[in-house]
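Please open the model in a viewer and keep the selection panel at hand. The stops below are arranged so that each selection leads to the next.

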Amino acid sequence: MKKNKKAFNKGSLITLLIIAAVLVLTVVLENTINANSLLFTVIRKSAVYSLVAVSMNLLNGFTGLFSLGQAGFMLLGAYTYAILTIPSDTRESIYYLFQGSSFNFSFVDLFSSVFGQQGAGKTVSLISGVLLAIICAGIVAAVFAYLIGLPVLRLKSDYLAIATLGFAEILRAIFQWDKLGKVTNGANALRGYPTFADFNITNANGQIVFRLASFVPLLIAGICIFIIVLLINSSYGRAFKAVRDDEISAEAMGISLAKHKSLSFCISSFFAGVGGALFAMFASTVQAKTFTSAMTYEILLIVVIGGIGSVSGSCIASFLYIACSEWWLRFLDNTQYIGGKQVPLLRNGFRMVVFSVIIMIVVLFFRKGIMGDKELPDLFNRLLNRKKKVTVKEGTENE
Amino acid sequence: MSNNVLHIENMTMQFGGVVAVNGLSLDVPEGKIIALIGPNGAGKTTAFNCITGLYEPTNGLIEFMDKPMIRNHPTGKMKRNYKGKNPADYLGKALSPTPDKITERGIARTFQNIRLWKSMTVFENVLVAKHMRAKQNFLSATFRTNAKEEKRMREETMALLVEQGLDKYKDDLATSLPYGLQRRLEIARALASEPKLLLLDEPAAGMNPQETQELADFIKEIREKYNLTIFLIEHHMDLVMKISDYIYVIDFGSKIAEGKPEEIQTNQRVIDAYLGVVEDE
């Protein structure tokens, strides 16, 4: 038993080291190689998507609630973030169709009036303003989740999926409504709020001294995912799993279904909202029409490919998914010539064909996703134990 | 004050036009082992499901520790279609708590077809049952400020597993255990919720005579140890006759007999219900 515990720590340690290495490597690469490389777009986007995928996994994989409202909660988060951080002086120009915004404050401005506009004061107010706005984005999404959950969480499986999908579509329509233009800017984009690029450290002339634009999303997503992992491994996480495995016996053992389902739904939506805010920072404009159900399906695909019920699976899958769709398969879209001959099939749109085939192959060969319901530490532990067994066997043979 | 832990009056459960339990009244006195028997389809498990809140009885009153716990009477369409006994006796405000509220009051149960959480280990299965009574909220649990509480839960769970002889399987998946041990684990899980009344739904189903014998001793042992009152459904007559203090017999949803084991054994109506009646011509 003691040995087991030790091995557990070893696996977690390796995982933590890998995470730290990824963070350090990102910072190093960002400051050494071409900052416009697609790699960094992929890193930023996959950090955002892995957070949303993990939040969806908390709901679908760990609590057994099949919800497809993730894009809707991301939309709420993205709009909340943007509305709360657009600087007051640019609002007039962004909301020009609606003669200005009905909110005339911004967290960043608010903090800079306290901490000052220059030097360290500017940095502190940027960080605290952005963080507060991100948390607000999560809270708004969670409050909506609580309200929508009251009627909807009585439904099961497919019916819940349809209801939440409908909710996301309704939200998207409402946010494009002209009458709300003073708040949401109608169907027009919101822009001008702080993005990841604002976290690059600049000198007095505005030249970038040290790049952090890819490190920041990784860090924020990493912290959020870490919190979700803590929750999953806590008493509440176990209760969620009990609800997933068998609702009737969970209820008979004193776990309130209404309370725990609502809790899981709210927490998942909170982090989807945070993910939405990060997505807004990534895309640097927010427009309701981007948060389609296709976005939810992308995230669902990531969850399924990574393994339903595996946090590390979702993270790995989101990187692979984004890298494949945005980066590695790009060359398939361009006509290419080898020795003066045009390579057949390569043309615009062919990328998606190959991509779909790859997804089919992955789903066929990894029925339960890349990671199944295992986590990275489990995997390392198994590898370590196997090695130990092999050495023990060799030892006995020598005797 | 009566010394009844559970008091049921005129409980009727009607599904559409089928009356599964009809006007059942019974008492479960504190510290006793009470059995509910009857032929297949008599409505025993339905009665259990009503007591534990899985079903909402159509009519009747259930008191737990002398306080009304569940109360209902036929309303709406059911008022016209009601076929059971004594409708409209319990016109007070309907009480129908969810199963978790009932478990919180101190009634734990096991299931006829074992319902363990299949993706969890033996240890976790018991640990989850401790969740209900732990003093924590999701924030303190997530950020580990409930470390003391968590430690207490783990220690109590381990103690319970050692006591039930399940400690050597603690890291195995619950569903990988042999059948008899799964039943025992289900009882351990129910005990972990710190009940006053334990409902056992066919605890000896699928067990051989040897295992049944052990189970009988085990049930008596946990009653002493945890100050429990036990209410059980069982088909193994030798087990029922050996351990019960009092027996209720139901058939087609209605109570047909009650009494001490020796009285039940010679009761003609019970024998008829089990073996069928030879009709004279």
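Begin at the boundary between the two chains, where 21 residues of chain A are in contact with 29 residues of chain B; contact means that the C-beta atoms of two residues, placed from the backbone, lie within 7 Å. This is a predicted model, in which local features need pLDDT of at least 70, side-chain atom pairs count only at pLDDT 80 or more, and totals for chains, interfaces and linings use all residues. Residues are numbered from 1 along each chain as its sequence is written, while chains are lettered from A and ligands numbered from 1 in the order in which they are written.

**The chain A side of the interface**

Select helix H9 (215–232), helix H10 (235–245) and helix H11 (247–252) of chain A: these are the elements that give two or more residues to the side of chain A that touches chain B. Helices (H or I, at least four residues) and strands (E, at least two) are DSSP runs, numbered from the N terminus. H10(A) supplies the largest share of this side, 7 residues. Coloured by class, the side of chain A that touches chain B shows 11 nonpolar, 5 polar and 5 charged residues. In this scheme Ala, Val, Leu, Ile, Met, Phe, Trp, Tyr, Cys and Pro count as nonpolar, Asp, Glu, Lys and Arg as charged, and the others, Gly among them, as polar. For the complex, the predictor gives an ipTM of 0.91 and a pTM of 0.90.

**A helix pair in chain A**

Next, display helix H6 (residues 119–152) of chain A together with H12(A); their axes come within 7 Å and cross at roughly 140°. Axes are lines fitted to C-alpha atoms, for helices over the stretch in contact, and angles run from 0 to 180 degrees between N-to-C directions. The crossing of H6(A) and H12(A) is right-handed, a term used if the near helix is turned clockwise from the far one by less than a right angle. Which classes make up the contact of H6(A) with H12(A)? There are 17 nonpolar and 6 polar residues, and no charged ones.

Now colour chain A by pLDDT, the predictor's confidence in each residue, from 0 to 100. Chain A averages 87, and 95% of the residues score at least 70. Among the elements of chain A, helix H12 (residues 257–283) has the highest mean pLDDT (95), and helix H16 (residues 376–398) the lowest (72). Over residues 1–7 of chain A the pLDDT is below 50, and this stretch has 3 contacts beyond near neighbours in sequence.

**The four-stranded sheet of chain B**

Move to chain B, whose pLDDT averages 89, with 96% of the residues scoring at least 70. Select the open sheet of 4 strands in the order S2-S1-S4-S5, with antiparallel pairing; two strands pair if DSSP finds at least two bridges between them. Strand S2 (18–29) and strand S5 (67–72) of chain B stand at the edges with a single partner strand each, so one side of each has no neighbour in the sheet. Neighbouring strands of this sheet are turned by 15° against each other on average, direction ignored.

S1(B) and S2(B) pair over 8 bridges, and B:Asn4 has B:Pro29 as its bridge partner in S2(B). Their hairpin has 2 residues between the strands, and B:Gly16 takes a positive phi near 60° there. On the S4 side, 5 bridges join strand S1 (residues 4–15) to strand S4 (residues 59–64) of chain B. Here B:Leu6 stands opposite B:Phe64, and B:Ile8 stands opposite B:Ile62.

**The six-stranded sheet of chain B**

Select next the open sheet in the order S6-S7-S8-S3-S9-S10 (chain B), with mixed pairing. Strand S6 (107–109) and strand S10 (254–259) of chain B are its edge strands, and the twist averages 20° from one strand to the next. Strand S3 (residues 33–37) and strand S8 (residues 229–233) of chain B run parallel over 4 bridges, with B:Ile34 partnered by B:Phe231 in S8(B).

**The two domains of chain B**

Finally, colour domain 1 (1–106 + 195–281) and domain 2 (117–194) of chain B, bounds that come from an automatic or database domain assignment. Their centres, taken over C-alpha atoms, are separated by 28 Å. 10 residues of domain 1 are in contact with 8 residues of domain 2. On the domain 1 side, helix H3 (99–105) and helix H8 (209–226) of chain B give two or more residues, and H8(B) gives the most, with 3 residues.
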